[in-house]
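Me: I am new to this structure. Could you walk me through how its chains meet?

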4 protein chains.
Amino acid sequence: MSKLVSRRHFTIEWGHCDPAGIALNSRFFEFFDWGTWTLFTAALGVNPPDLAASYGIMGIPLVDAGATFIAPARFGDAVELTSRVSEFRRSSFDVAHQLLIGGAVAVEGRETRVWAGRDPGDPSVIRSRPIPSEVMARFDVP
Amino acid sequence: MSKLVSRRHFTIEWGHCDPAGIALNSRFFEFFDWGTWTLFTAALGVNPPDLAASYGIMGIPLVDAGATFIAPARFGDAVELTSRVSEFRRSSFDVAHQLLIGGAVAVEGRETRVWAGRDPGDPSVIRSRPIPSEVMARFDVP
Amino acid sequence: MSKLVSRRHFTIEWGHCDPAGIALNSRFFEFFDWGTWTLFTAALGVNPPDLAASYGIMGIPLVDAGATFIAPARFGDAVELTSRVSEFRRSSFDVAHQLLIGGAVAVEGRETRVWAGRDPGDPSVIRSRPIPSEVMARFDVP
Amino acid sequence: MSKLVSRRHFTIEWGHCDPAGIALNSRFFEFFDWGTWTLFTAALGVNPPDLAASYGIMGIPLVDAGATFIAPARFGDAVELTSRVSEFRRSSFDVAHQLLIGGAVAVEGRETRVWAGRDPGDPSVIRSRPIPSEVMARFDVP
């Protein structure tokens, strides 16, 4: 688990909620995506739209995502989202998210993403690339 | 009002609805966007992703949108969305949408879009372009 | 135009943006909804989920919405959303929204909403109700 | 794996896609939710909004969800979504989804849901309930 943790604070809005009055499950995957961008911005010091160009990649596409819904998030709830890298591998990595309401974990999220570039021979083909060690190092700075 | 009308049929889903149990207003603007693409596909005979390349434009960006909500659309409702061009001008046009439930109009939508291309001198600049007369002609075929 | 203006600051996220790299039009209608709730919270001092119960209404449903898109909102843009009531009528009101990027107006939004309650004789029927004068008064406090 | 499989056919829309031109990950979780409702409608013969009342439950809330993204879904792609119950337990069940493009699996989805009712002593408390055997039986009819 990386030491660097990013935190975001926001509110569950009317438009996030479904007829049961709780945030729709798909919204949490949007929130996790926000969290990953926030984490990478904090770690690497580049604005999100500049990440790809700064590192010569096409992006950090998602290959797996999941969530465990422990308690509902309701309209008006103030939430804290924490995000950190739980594991770096050669060319992919996992991000662990926690959405807290009143200090208790309401939703746990997990993402697996790839450090990906375009194939020089055929730019329509996306290929994983080794994650630079200096990138990994930036996530361990608390 | 152009003669060509496109129709789509779909269902109001759980995830479209808010805590009042009715489709969230922003969803209708997504539906109108679907309707415009369907209409252009029907008129021009090109797949949506090929529209820009086929006509040498960057797209048909929206400059104004509006909706009047007459009756609620509820979870499970079967809806029909009709879309037609209500006016062509030199380089912009209006699309009129109606969302019908049980044959009655529940929501009226309106979009103003621009036939737009990139400035040859500076591709980051988007400029309106004259709508080809053969494009307009395709919308009057019933 | 009421004196009370609410302001929200947020970022355009990856998930807000479409293949053109700009925020999808439907997202702005979500943002306007956020703005109206923020404005009512600031004016009336009740949490959004408590608004209906506090005032004996079922809510403030939208009957008309519109937006004018002046400049694109791109991934990573820091935006300020301002919201104020532009007109109170007997039982309906208009909210004017401005989404600013770098201090310039990128999107203008407008909503017409109804102060609505359930019919005592048939709770499935929603009826407009006179807006209490003390509610209107709260929006003029700067 | 239950024998009953529901199928939905729809198109990846402009508004489903992100700046990379592919459907945003959170959208697939909406699609899976659509699939589960379609499956339950097919199995139980009740309209989605009537499911809860017909079975004396409050709903089938999600407690876990996940997806594996194998190939991108692009603007204009025609997709088929298949959904089936992969396992019934006493009071919870898993739904397996596959999103196919051109006959190949692009995304695999999984949901765990609970057959849930309100506590008779405190309706604000949601409790799992045993899934009726006649409900389970309906999913094995091909």
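This is a predicted model: local features need pLDDT of at least 70, side-chain atom pairs count only at pLDDT 80 or more; totals for chains, interfaces and linings use all residues.

Reply: Residues are numbered from 1 along each chain as its sequence is written, chains are lettered from A and ligands numbered from 1 in the order in which they are written, and side-chain values use heavy atoms, with hydrogens and water left out.

Me: How many residues of chain B are in contact with chain C?

Reply: Contact means heavy atoms within 4.5 Å. On the side of chain C, 15 residues take part. They meet a set in chain B that numbers 15 residues.

Me: What area is buried between chain B and chain C?

Reply: Buried area is the accessible area (1.4 Å probe) that two parts lose on being put together, summed over both. Carbon and sulfur atoms give 51% of it here. In chain B, the residues that lose the most area to chain C are B:Asn25, B:Phe29 and B:Phe69, together 32% of what that side buries. The area for chain B and chain C is about 1300 Å².

Me: Which residue of chain C forms a salt bridge with B:Asp64?

Reply: A salt bridge is a side-chain nitrogen of Lys or Arg within 4 Å of a carboxyl oxygen of Asp or Glu. The rule finds two across the interface of chain B and chain C. In the one with B:Asp64, the closest N and O atoms are 3.2 Å apart. The partner is C:Arg110.

Me: Which residue stands opposite B:Gly66 in E2(C)?

Reply: Strands (E, at least two residues) are DSSP runs, numbered from the N terminus, and two of them pair if DSSP finds at least two bridges between them. E2(B) and strand E2 (residues 62–69) of chain C run antiparallel, joined by five bridges. Opposite B:Gly66 stands C:Gly66.

Me: Which residue stands opposite A:Gly66 in E2(D)?

Reply: E2(A) pairs with strand E2 (residues 62–69) of chain D in the antiparallel sense, over five bridges. Opposite A:Gly66 stands D:Gly66.

Technical notes
Helices (H or I, at least four residues) and strands (E, at least two) are DSSP runs, numbered from the N terminus.
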